[in-house]
Amino acid sequence: MGCFTFVKLMMVLFNLLIFLCGLTLLAMGIWVSVDGGSFLRLLGPFSGQGMQFVNVGFFCIVIGAVLLLLGFLGCCGARKESKCLLLTFFSIILIIFIAEVAAGVVALAYSSFAEGILKAWATPALQKDYGRDPVVTKIWNTTMTEVECCGFTNYTDFLGSKFEKENGGSLPPSCCWTSSAPCSPYKAERSAVQGCFKHVLETLKEHANIAGGIAAGIGVLEIAAMIVSMYLYCHLDKRIS
């Protein structure tokens, strides 16, 4: 078996695997979107971990569709020896790779800027919508209960809010260590419950090595896919001639 044939076979098998993974994710996403209740029941004890607040179905459909497209282009491009499909496959992988690198650089260079942007969005939501909008209230209640945090920065995010005014100066129970109502600003100050952003940031830093390893592995796979697709693309002219 020649080198070109071997690389072509590996390209077909690899992209067939990507295609099947994409098909699985797409089917799961459609299932969650159409019948999310049965999906959550299947998860058993994990169904109460706030998954109902994340649009898992939409996420799976998008990722599955992208994987399906990539798997189709790579598999058919190698199998049919189509330069057009191989070049399209290479271009999409390259765009994804550049976007990932750019996102990583921005995340490292502008982490404090990102905190300011998130705070500018989260604080008004806590001040105006918490306790009034059921979706916002449920998301924050679940986050604060599961992560054991209070507000975005700390309990001060709720001071002067509609929730505090409507509850006689009481803050959400998660802002006090006792986690029981009423939770006054004085109790919240003495409890010194950490804000959710700092808590999540510390958790991410603790798992930075794992996240970095996963990111590096994905990057290596993407580079390998680009090299292989470009190898096949460049050697097709030699085979035709």
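Here is a short walk through the predicted model above, from its overall fold to a few individual residues.

A word on conventions: residues are numbered from 1 along each chain as its sequence is written, and side-chain values use heavy atoms, with hydrogens and water left out. As this is a predicted model, local features need pLDDT of at least 70 and side-chain atom pairs count only at pLDDT 80 or more, while totals for chains, interfaces and linings use all residues.

Let's start with the whole chain. Its secondary structure comes to ten helices and zero strands, where helices (H or I, at least four residues) and strands (E, at least two) are DSSP runs numbered from the N terminus. Along the sequence, the pattern therefore reads α-α-α-α-α-α-α-α-α-α. Of the 241 residues, 29% are buried; buried means under 20% relative accessible area, exposed over 50%, and partly exposed in between (1.4 Å probe, protein chains only). The chain exposes about 14700 Å², with carbon and sulfur atoms supplying 70% of that area, as computed by the Shrake-Rupley method with a 1.4 Å probe, where for residues only the protein chains shown count as cover. Among contacts (heavy atoms within 4.5 Å) between residues at least 6 apart in sequence, 64% join residues at least 24 apart.

Now zoom in on helix H1, which spans residues 3-34 and contains Lys-8. Lys-8 is buried, at a relative accessible area of 18%. Leaving aside residues up to four places away in sequence, Lys-8 touches Ala-78, Arg-79, Glu-81 and Leu-232.

One of those neighbours is also a salt-bridge partner: Lys-8 pairs with Glu-81, their closest N and O atoms being 3.1 Å apart. A salt bridge here is a side-chain nitrogen of Lys or Arg within 4 Å of a carboxyl oxygen of Asp or Glu. Because Lys-8 lies in helix H1 and Glu-81 in the loop between helix H3 (56-80) and helix H4 (83-109), the pair ties together parts that are 73 residues apart in sequence. Glu-81 itself is partly exposed, with a relative accessible area of 29%.

The structure holds two salt bridges. Asp-129 forms one with Arg-132, where the closest N and O atoms are 2.4 Å apart. Arg-132 is exposed, at a relative accessible area of 51%.

Phe-6, Leu-9, Met-10, Leu-13, Leu-16, Leu-20 and Leu-23 make a nonpolar patch of about 600 Å². Patches are made of residues with over 30% relative accessible area and no salt bridge, joining like charges within 9 Å and nonpolar side chains (Val, Leu, Ile, Met, Phe, Trp, Tyr) within 5 Å. Met-10 sits in helix H1 and is partly exposed, with a relative accessible area of 36%.
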